[in-house]
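Hi,

Here is the model I said I'd pass on. Have a look, and my notes on helix packing and pockets follow below.

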Amino acid sequence: MLRFLFRRRFFKRLVASLALLYITVVCMSSLFVFSLTENPDGYRNSIPDIRGRTSLRSVDKCAHPKLGTDRIYTYDLPTITNYGLVNNNGNPRFKEYKIPVIDISEAYKSNLDELSVYVIPFSHVDPGYGMTMEQYFASKSRHTLDNMVRKLEEYPDLTFQWAETVFLERWWRQADNGTRAKMKRLAEEGRFEVVLGGWVMPDEAVTHFEAVVDQLIEGHTWLKKHLHVSPRNAWINDPFGYSSTMPYLWRQAGMRNMVILRIHQAIKATLMRKRALEFNWKPMWEMGGDTNGDMLCHLMSYRGYWIGDVCGPNNQHICREYAFMHENPRDKVVFLSNENIAERARILYEQYRITAELYRKHTSTEHPQGEQLFLPMFLGEDFSYVTAKDYDLIYKNYKMLFDYMNKKSEWKINIKFGTINDYFTDIKKYQASVGYSFPNLSGDFFPYSDYQNDYWTGYYSTRPFLKQLSRELQSTLKLADILHTYAKARVKTNDEYTNLKEIDELLQTSRRHLGVFQHHDGITGTSLQFVMDNFQKELSEALQKCKTAMKMITSQLLSRGSMPVASVRDVLAREGSKTATTYTVMTVPPGGAFLTVANSLPRMRTEVVTFHCSEDKVKVSEGGRTLPLQVREVGSSRYEVSFVAQLPPASVQYYNVALMTEVGANVAQKSSPSEHGGEILIENDFLKVQFNNESGFISQIIGKHLNNLKLNIQSDVLAYTAKRSGAYIFAPDGEAKQFLRGKPKVTLTTGNLYSEVEVVYSSVFIITTRLYHLPGSKAMGVFIDTKLDVKSNTQSMNQEVILRLKTDMKTNNTMFTDQNGFQLMGRRTYTDRATEENFYPITTMAIIQDSSSRLTLNTAQPHGAASLKDGWLEVMLDRSLSRDDGKGLGQGVSDNVVTSAQFVLHLESMTGEGIPETKYTYPSMDSLLINEQLNEPVYKLFVPSVGVKYIANVQGIEDSLPCDTSITVMRQSNVGTSMVLHRWATHCRFPTVSECRRYQGDVTLRNLFRSVAKVSAVETSLTHSEHFGPVSRTDILAPTPMQLRTFLILLS
């Protein structure tokens, strides 16, 4: 009986437990479905980060581009803009865009509003343009800063602003301790304000965001260490157009406000009419009330930033009269006296009042009680305030103006020396008190035009050799930084790290040279030729220093420092500063050698690794296993040897290379089209690529893995003849015409690891198209390498050479271009406008698509790009120009050298239905992987085995991170180990086919630093100016899509 009762009770409990379990499962399932429904991005395992955003554990969903209704989109502005030109008042032959300004009589109406004017002295300093950085420092900037310290002490109400940290660091090195202390005090008081504060003021069109972040960290950490300040405002007066990536970066670095100038003057006039010269600049992807990426932006109203440009619309014949540091009569400056102060003050007051009205937020109908007006007025020029007298003349004359104007109560003006910070503090306080919200704006400001329909779209492609060299240095430095971090993490004391101090110095020098080149007259190619030669010299030296550091770091990681660094050779090298990278011919010693291969990516990659050898009788092995090779003869006693390497995330692997007695079986076969019946075709498991029999260019791509999706392409190399083009502007004379002459030599190579078609047009142009025979993403791209020598073409002067692809896609006159490698912007082609108006900068990719397919052109270097007709896509390869374009340089661009460029075409098929995209889009997961492998190539070293006592592979990260998550920065700085993570949003309509489906490693310290027993971190702002809180080894560190997260890492 007791047993029976026990069984009955047990049965009831079992039933109850099962029922409870069922209810729990149903509820949890409902909750899970509800969470996916409520989360617009459809991600799971959300974990709040320290700042209240959402970190995501895995990437099993995607995102659709969305548009907000709460903002102005710059994409829409051209359709409502008047591009008509009018005569300039001071020069009737000079045509400019018309801006809407009030009549002077409005400055004397009876119901004037209060006007506060902040006069802000500054000196704009370029670390390279008409002189080199060192020449500018010795002759100008050094004296500007010396005198600034003295004069701000002499005049207690005088202020000064400065943007570029590179000059401050150079000045600091030669300043005595007393002068340093005075500058530090002025900075802490806020009278000397550092605005932006990166190593330089970077270009915004052709820079990669990772290089921009790196130089920003370098500048801000220097400022924090030496001046104890962190910039809160950004002054970006001189780049030739503005990216929408940069405001996001400035905001993440702790800045909240910014000032810009150089946007298309006709677009600026449209914003004036919309009362939107000041706006909250929002990222495209930021919806609703999210303000994490917002920057309050003040747009300067006229064309220039010099004293003679800024005071009012009648700038050149009024404003320049107030540039009191110029005493030469030809400058037409009118100095003040008791006799003329009334007249001179009246004229300047009128200009200030007219300009301030452009920033009025309400009409009199909207706000009948009036509003207080605020106006920052910038008082400086390029390399101004060099002498002490310059400061005296400016201070004393403007103080006379201030005293007179402030006493004129009927003018209702309050004017004083101030800073950008003073201006933004006061205007935000006032706007909050009256309940006004600044308009929201999303998008960028390209292309730029200042006047006369001059479009600054040429510099996107000026001096491409240096743009490519900069990117090679960027990827090499990033790899060295990452491996250096892991090398330091693996030693208990610094003494165990051989050459530690020397490595730190080598990497810092390389970093600073790279940072200087990001300047808006550096990477743009728009400095005088001898200055560009100096940039080239510094970049080349930096690359060599970086490679020397890589040898030392590799030795430390693989052999605990026992590897004889002096005998280690680079597999790829440059013979000179003006030559492209080529393979070094390796001689395998009798005792064999090691080939080391380094991977900077935070995920596993499969690569075809190639080196050149003096022998074809070689074998490559890994862990005792002989690897399949592909060998081909490429010259006398010169053989190309290739093998497949499986590289773990953030790793250095070694492979044994030894001599054999006979050639292996896998010798690549060369042939000509005639040997194949005239047909030129290469294919792998994913793609089939056909070529034009005559030109050797691609004619068709078939996606075998995409249900045989077929894309017809007509590709060619053409050239625009320059009409008014120069270093800055692109102004062609009509359509592009055929550039190549004669019949090319076409060679087909087939092998077990890759097949390719090489097309040679004498010494002028070579294009190689390759497919890899591998599983995964490497086989999904069509790899294209070009080599162009415009000087070999006798008709090359004033030619602007393009690679054009004509497809049968129906793209509706729209393309997408990446912006600084950080986001993808929609571009509309205006077929009724000039060719040059439809060119945009690309840094890593350009996309054309229709309703069913997408073609992505991935690039390893910046270019100007356009889609001039439906289904077209073209990129500019090089420019050779004899003329100056009148933008200040005074010379053309004729120092062309042989230039290489690397591209990957990636064809994808869309699934499902979606809203037509115009303003922005997202990449697919697969395209991200292809693009990063192109832009972060593996790094190879050849090491004779003699003298190597110990060697072992090294892997920094345990499990591969998801393909949308990358390491932007992992480097040493004066505040510790900096780590910046970036996460893309990926597009819903492109299924993931590649190995990205398998990469789901947790973004945690435990996974990122697999061999480090003790590691901790604190989350910070982008440049570590703000600390948010600690994170543990198991906390999820992944950013939300389209965001960055930054950490300071402590390694024990």
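H2 and H3 sit roughly perpendicular to each other: in this predicted model, the axes of H2 (residues 133-154) and H3 (residues 165-174) cross at roughly 75° and come within 10 Å. Angles of 65 to 115 degrees count as roughly perpendicular, so this pair qualifies. On the H2 side the contact includes Met133, Tyr136, Phe137 and Leu145, and among their partners in H3 are Val166, Phe167, Leu168 and Trp171. By class, the H2–H3 contact has nine nonpolar, two polar and four charged residues.

H2 also meets H4 (residues 177-189), with axes within 10 Å and a crossing of roughly 65°. That crossing is left-handed. Leu145, Met148, Val149, Leu152 and Glu153 are the H2 residues here, and they meet Thr179, Lys182, Met183, Arg185 and Leu186 in H4. Six of the contact residues are nonpolar, one is polar and three are charged.

Of its 28 lining residues, Arg262, Arg303, Gly304, Trp306 and Asp309 are the closest to the centre. Helix H8 (307-310), helix H9 (315-318) and strand E13 (373-382) each give two or more residues to this lining, which has nine nonpolar, seven polar and 12 charged residues.

Cheers

Technical notes:
Residues are numbered from 1 along each chain as its sequence is written. This is a predicted model: local features need pLDDT of at least 70, side-chain atom pairs count only at pLDDT 80 or more; totals for chains, interfaces and linings use all residues. Side-chain values use heavy atoms; hydrogens and water are left out. Axes are lines fitted to C-alpha atoms, for helices over the stretch in contact, and angles run from 0 to 180 degrees between N-to-C directions. Helices (H or I, at least four residues) and strands (E, at least two) are DSSP runs, numbered from the N terminus. Angles under 35 degrees count as roughly parallel, over 145 as roughly antiparallel, 65 to 115 as roughly perpendicular and the rest as oblique. Contact means heavy atoms within 4.5 Å. Ala, Val, Leu, Ile, Met, Phe, Trp, Tyr, Cys and Pro count as nonpolar, Asp, Glu, Lys and Arg as charged, and the others, Gly among them, as polar. A crossing is left-handed if the near helix is turned anticlockwise from the far one by less than a right angle, and right-handed if clockwise. On a 1 Å grid over the protein atoms alone, a cavity is a set of points where a 1.4 Å probe fits but cannot get out, and a pocket is an open set with protein on both sides within 12 Å along at least five of seven lines; lining residues have an atom within 4 Å of a point.
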